[in-house]
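I opened the model today to look up a few side chains and helices. My entries follow in the order in which I checked them.

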Amino acid sequence: MPAALRRRHEYAGPVLFSYGFRPFFLGGALWAALSVLLWLPQYFGELSLPTAFTPLWHIHEMLYGYVTAIVTGFLLTAIPNWTGRFPVNGLPLGALATLWLAGRVAVAGSAVWGAELAAVIDIAFLAALAALAAREIAAGRNWRNLRVLIALGILIAGNVVFHVEAIRRGSADYGIRIGIAAAIGLIMLIGGRIVPSFTHNWLVRNNPGRLPRPFSRFDALALGVSALALAIWIVMPRQVVSGTALIIAGLLQAARLARWAGDRTFADRLVLILHVGYAFVPIGFVLLGAAILWPSEWPISAGLHAWTAGAVGLMTLAVMTRASLGHTGHKLVASLPTQLIYLCAVVAALARTLVAFEPSSALLHLALFAWVLAFGGFAVIFGPSLLGRSSMRTAQ
């Protein structure tokens with residue numbers, strides 16, 4: 001019997017470490033809720049964490065704490081499907097999860113034990129993930145999915161730049177832009193595969209008729225222009241060429257989304273939420289481009305939060321719920337509680353984006369508490385199945 005198969009059959013450790021999505025989806029959701037609960041009193045000067053990254057701690061933990069956890073959970077679950085190899089579990093998975101948690105503790109307490117040490121621990125997690133993912137993809141000879149490692153490499157580079165900037169200058173402008181660009185790039189790349197695929201599968205079974213357009217030269221053009229626009233924005237965030245490129249990319253991404261027949265999926269919230277989440281990608285492109293071209297009328301933070309609270313928040317929540325249902329043996333149906341956390345996430349995204357146009361303490365509180373309800377709600381609803389022994393069949 002091959003070693004990987006023997007490990008799978010002989011594994012008798014904690015269920016939490018039986019599959020990559022379990023610790024990282026649960027841990028990521030808890031951290032998404034807790035970090036915001038900690039940040040809100042920080043924002044109003046009522047709490048001070050012993051971190052050397054003030055006031056950058058919140059954005060770092062959203063990009064390089066929460067996002068990296070969900071990306072890890074997704075990759076460690078998807079790679080076995082891509083390669084035909086068995087999932088990483090047991091001690092290696094537990095060690096990786098511990099390293100991620102150590103990064104959160106290290107960054108939060110970096111004023112005590114030093115920003116340099118915190119940086120080493122935090123960066124080590126993403127480096128270990130990249131090495132593990134590269135090994136699995138190469139061992140399975142699944143070469144076409146090596147491109148996912150490019151986006152992961154950009155995320156690693158962004159984290160390195162973030163730490164260097166924070167230590168040397170007390171700011172992290174480039175690190176923030178690189179991290180956001182990497183996250184949006186992953187959504188465009190992976191979302192561009194799963195959204196039309198899941199939509200197609202559901203429509204064929206339940207609502208025959210117009211189907212999503214298959215990947216074509218138009219999709220390749222939209223991805224290429226969007227990647228170029230993000231690169232220009234990273235380097236020249238205030239220039240006219242950047243704003244123009246972002247708006248063009250946003251229009252192309254909106255047209256791309258329109259080709260996926262999302263308007264025919266209202267009956268299935270698990271599919272619909274993917275379209276709603278992806279819609280914030282073109283919205284963010286256009287809002288950010290408008291803010292660069294017309295800074296007196298359009299706030300920069302509107303586009304940034306459309307991307308982070310909207311595209312990142314909704315797409316990750318959609319993927320987490322769908323994968324958790326499918327891989328724990330449940331039907332791919334959004335229960336009422338699941339639909340409620342989707343609603344909370346949408347409210348959080350809209351409210352946080354609107355705060356940029358209409359600064360309001362009440363609106364900010366609404367956005368943050370809706371976010372906490374969405375991700376804390378995920379932990380409450382899905383936590384028992386992620387921790388308990390249940391079947392792990394593959395979703396769609």
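Where is the place of S242? I find S242 in helix α10, residues 240-258; helices are DSSP runs of H or I with at least four residues, numbered from the N terminus. The model is predicted, so I note that local features need pLDDT of at least 70 and side-chain atom pairs pLDDT 80 or more, while totals for chains, interfaces and linings use all residues. Residues are numbered from 1 along each chain as its sequence is written, and side-chain values use heavy atoms, without hydrogens and water.

**S242.** I looked up its cover: S242 is buried, at 0% relative accessible area (buried is under 20%, exposed over 50%, partly exposed in between, with a 1.4 Å probe and protein chains only). The side chain of S242 reaches the backbone oxygen of M236 at 3.3 Å. Leaving aside neighbours within four places in sequence, I list I232, W233, M236, P237 and I292 in contact with S242 (contact means heavy atoms within 4.5 Å).

**Salt bridges.** My search of the whole structure gives eight, a salt bridge being a side-chain nitrogen of Lys or Arg within 4 Å of a carboxyl oxygen of Asp or Glu. R104 pairs with E61, with the closest N and O atoms 2.5 Å apart. That pair links distant parts of the chain, R104 in α4 and E61 in α3, 43 residues apart. I find both R104 and E61 buried. D122 also forms a salt bridge with R104, at 2.7 Å between the closest N and O atoms. Because D122 lies in α6 and R104 in α4, this pair ties together parts 18 residues apart in sequence.

I then checked D219 and R256, whose side chains meet in a salt bridge at 3.0 Å, N to O. D219 is in α9 (residues 217-235) and R256 in α10, so the pair ties together parts 37 residues apart in sequence. D219 is buried at 2% relative accessible area, and R256 is buried at 0%. Salt bridges with shared partners join E61, R104 and D122 into one network.

**Helix α6.** I count 25 residues in α6 (residues 115-139), reaching 36 Å from first C-alpha to last, close to the 36 Å expected at 1.5 Å a residue (the expected span is 1.5 Å times one less than the number of residues). Its buried residues include D122, F125 and E136. The buried residues of α6 pack against α2 (21-43), α3 (57-83), α4, α5 and α7 (147-169). Just after α6, I note R141 with a positive phi of about 55 degrees.

Notes. Helices (H or I, at least four residues) and strands (E, at least two) are DSSP runs, numbered from the N terminus. A polar contact is a pair of N or O atoms within 3.5 Å; within protein, one must be able to donate a hydrogen and the other to accept it, and residues adjacent in sequence count only if both atoms are side-chain atoms.
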